[in-house]
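Trainee: I would like to go through the aromatic contacts of this model and test each label against its criterion.

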Amino acid sequence: MMTGTAVETTNKALDELFRAPDGETARRTVLCDGAMGTMLYDRGVFINRSYDELNISQPELVRAVHAEYLQAGAEIIETNTFGANAFRLERYGLRDSVRKLNLAGMRLARECVTQMREKQASEAYVAGALGPLGVRLVPHGPVSREDARETFREQVRALAEGGPGVGADLFVIETMMSMAETEEAMAAVKEEAPGLKLIVMLTVDDKGNSLDGTSAEEATRLMQLWGADAIGCNCSDGPQTVLDVIQRMRAVTKLPLAAMPNAGIPREVDGRHMYMTTPEYMAGFARKAVKAGATFLGGCCGTTPAHIRAMRHALRALGAMQEGVHAEAAVVIESTVKPPALKERSKVGAMIAAGDWITMVEIVPPKGIDCTKEIEGARMLYKLGVDVINVPDSPRASARMAAQSLCVQIQQQVGIETIIHYTCRDRNVLSIQSDLIGASSIGLKNVLCLTGDPPKMGNYPDATAVFDVDAIGLTKIVRGLNHGLDIGNNPIGGSTGFAIAVAANPGVADLDFEVRRFEAKVEAGAEFCITQPVFDLQVLEDFLRRIEGFRIPVIAGIWPLTSLKNAEFMKNDLKVRVPDQIMTRMGKASGPDAARAEGLAIAREMLAEARLLGHMMVRGVQVSAPFGKYKAAADVLGLEG
């Protein structure tokens, strides 16, 4: 038995992982590890061996797997003891090795967590892993419930030996197939490690019921009654089944939920069993599971560190989108520095302040080092009377010339003012502040604060996304810099003097969420807004009404469509609302030239209608130049050379 003091110390730290704000069920998402057996099998260990015995005979293999999961971002790793109970070990002549194998499994996991903590100064926890006994309990089999409990107790005692920090920090009971066996396993943990947190997960059939026929709802009620700290589903048929089950569980409990599916159903390929679910698919599952209410996420059979890493990236991106900014990046304005009035910061600021109509054109940076085309395009647009050039920051997660570089070259060589798009995807808060201070010092005075497209959308899907903050957090940072302070409230010697813009998508499916985020952006310090392309002015007008209580000047995005395929891309990939009549008009075009002409006509119609919304603070338009067709953008604006 462990001392109460040791248990209490670790549980204080773990409590934060299980606790939700008062009156809520939402908690911080915790990433767990993936399959151990799959990784050992891939390293040449045949399935006719006891994988638990490797804790002693080949500890370097087990240690390496733990280390890979920690490097991939797992905050909880499970000991390699899923089958280290007397009944399963007896099949390999190892019944008397229960204590030895469990102690060795705990030691290996603990060593890896300790090494990571020393190298990276980040916290992780070791969960003692318990799987089913591999035998049937009475009345369906020969093993009594008393013998089952004692068998689990033997394993728990070894895993908990030494207390938290030496033994298990918490326990995970997983892949349970019957409620009777689940009750005995839970009772064993409660008796031998009474103060430790306990996550309990079932495996289910294709109908979402436990393999003894118990419904997900009834299983939830029972596990909660028996004292689980978190419940959930693992293994099973794959991500979709697990997702369905936790949604059913969430409807009947406020406990934290755990979701750790297989990587689908294995297929035999050249004599080997292969799991076909990709890391990208698991990343999508992670996002859906969080929205369904899951707190603990990980993987089971077939998942690897690549799957866990993809889930980590998805969670970081989702966290940035939903939470706005981590606490350490919050800006508290306590400076005596007063930023210049908006009209004094830039031409854009002056036009916004005066209520003038602004024309902007977007010029995308090149993929190489030669920006002659972009510079000449900006020069032509400037001569035609365009007010401002917008420069995106690696749109669609593509590797292009830095937006800051192109902005500076356009301003220096052409003389037209620019707005730099700045995303959070690729920079931590240190880099963000350095970039912005530098941008201000070289004459860039307008910034559009964006979260950024995740890397998986681009040509380098395995690139690491940062997302220390999202657009809301970035807006707070820029506002602080305008008041002469970095995020630690340290003075930077003056105001950066940025005119602060944010983005909005009036046609997004979940408009309530978009409006909430827009309000948060305004509260964070946004001074004007640029929308995604608009193809339905009613959509824009509805959005403007929804933000009436916190409305700032709006620049409407205009995109001259080039083809039906281009319209489908806007609708399906960029999630822009494109009405059926627009799709029909583009579809009726007789050829490429006719399609471009129709797209130009639609864009002009949108611009004319947007002008009529000036009473609702529509102060201008941003016209995109698809595929670098800058003349098309000028044609939309009615500018002639």
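Trainee: Why does Phe-296 count as buried?

Mentor: Buried means under 20% relative accessible area, exposed over 50%, and partly exposed in between (1.4 Å probe, protein chains only). Phe-296 has 0% relative accessibility, so Phe-296 is buried. Note that this is a predicted model, in which local features need pLDDT of at least 70, side-chain atom pairs count only at pLDDT 80 or more, and totals for chains, interfaces and linings use all residues. Residues are numbered from 1 along each chain as its sequence is written, and side-chain values use heavy atoms, with hydrogens and water left out.

Trainee: How do you know whether Phe-18 is buried or exposed?

Mentor: Its relative accessible area is 7%, so Phe-18 is buried.

Trainee: How many aromatic pairs are there?

Mentor: Rings of Phe, Tyr and Trp (its six-membered ring) pair if their centres lie within 6.5 Å; planes under 30 degrees apart count as stacked, over 60 as edge-to-face and the rest as tilted. This rule gives three aromatic pairs. In one of them, Phe-18 and Phe-296 are 4.8 Å apart centre to centre with 50° between the planes, hence tilted.
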